[in-house]
Amino acid sequence: MKVLVVYDSLYGNTALVARVIGEAAAGEAAVLSVGEAKPAELCSFDLVVIGSPTQGGRATEAMRALLARIPALNGANVAVFDTRLVARWVKVFGYAAGKIADELKALGATLVTEPEGFFVEGKEGPLAEGELARATTWARSLLASPTG
Ligand SMILES: Cc1cc2nc3c(=O)[nH]c(=O)nc-3n(C[C@H](O)[C@H](O)[C@H](O)COP(=O)(O)O)c2cc1C
């Protein structure tokens, strides 16, 4: 199965999660930063995983720009994650993953699982304890699913 993981990351935490997800695909995954990914090529993968830090309740500007450049994703299997603060008050702004998922669905993609969030303890990290392990479990469940 051809898997592509595309991420953005300001402080490195989302990049770490993306790498762990790529590793869970046992070497079959390409892991690209948002600057390296080519929007038109996304539909040539069996599963595309998109990950962004939550900034201001949504994806980063670079990730939003990439999403805006994707021509169409008819039938493509996708999964989405974000990183987000543990602090409860940020909940009011919403998170990146659900918003990215809505955009991908509007492009015709099939979401293989619910959008997921991984927690950081502060703006610059680190990831909360156990989150990388949870990312591995999440990735394995994606890859094991009939559509993923
Ligand atoms: C400008 C800015 C806005 C942010 N806004 C939110 C937010 O609305 N909700 C939230 O949970 N975290 C917010 N954060 C914290 C980020 O989620 C956190 O920096 C990110 O998960 C770290 O990932 P990275 O190391 O890959 O950049 C914000 C961070 C920055 C820098």
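I began with Ala18, which is buried, as 27 other C-beta atoms lie within 10 Å. My cut-offs: a residue is buried if 20 or more other C-beta atoms lie within 10 Å of its own, exposed if 12 or fewer, and partly exposed in between, with C-beta atoms placed from the backbone. A note before going on: this is a predicted model, where local features need pLDDT of at least 70, side-chain atom pairs count only at pLDDT 80 or more, and totals for chains, interfaces and linings use all residues. Residues are numbered from 1 along each chain as its sequence is written.

**Entry 1: around Ala18**

I placed Ala18 in helix H1. Helices (H or I, at least four residues) and strands (E, at least two) are DSSP runs, numbered from the N terminus. Next I looked up what Ala18 touches, leaving out residues up to four places away in sequence, and found Val5, Tyr7, Val31 and Gly51. Contact here is C-beta atoms, placed from the backbone, within 7 Å. Val5 is 13 residues from Ala18 along the chain, and their C-alpha atoms are separated by 6.5 Å.

**Entry 2: strand E3**

Gly51 took me to E3, where it points one way with Leu47, Val49 and Pro53. Val48, Ile50 and Ser52 point the other way, and all of these residues are buried. With 7 of the 7 residues of E3 buried, the strand is largely enclosed by the rest of the structure.

**Entry 3: the ligand shell**

How many residues surround the ligand? I have 20, and the closest are Ser9, Tyr11, Asn13, Thr14 and Thr83; near means a C-beta atom, placed from the backbone, within 6 Å. H1 (13-24) and E4 each supply at least two residues of this shell. By class, the shell has 8 nonpolar, 10 polar and 2 charged residues.

I then checked Ser9, which sits in the loop between E1 and H1. Is Ser9 buried or exposed? Ser9 counts as buried, with 21 C-beta neighbours inside 10 Å. Beyond four places in sequence, Ser9 touches Thr14, Ala15 and Pro53. Ser9 and Thr83 are 74 residues apart in sequence, yet 9.3 Å apart in space, C-alpha to C-alpha.

**Entry 4: helix H3**

In H3 (residues 96-106) I found Ala96, Ala97, Lys99, Ile100, Ala101 and Leu104 buried. Their cover includes strand E3 (47-53), helix H2 (61-68), strand E4 (77-85), strand E5 (110-111) and strand E6 (116-120). Just after H3, Gly108 has a positive phi of about 100 degrees.

**Entry 5: the whole protein**

I ended with the overall picture: 4 helices and 6 strands, in the pattern β-α-β-β-α-β-α-β-β-α along the sequence. Buried residues make up 43% of the 148 residues. The C-alpha trace spans about 35 × 30 × 25 Å along its principal axes.

How values were computed. Two residues are in contact if their C-beta atoms, placed from the backbone, lie within 7 Å. Ala, Val, Leu, Ile, Met, Phe, Trp, Tyr, Cys and Pro count as nonpolar, Asp, Glu, Lys and Arg as charged, and the others, Gly among them, as polar.
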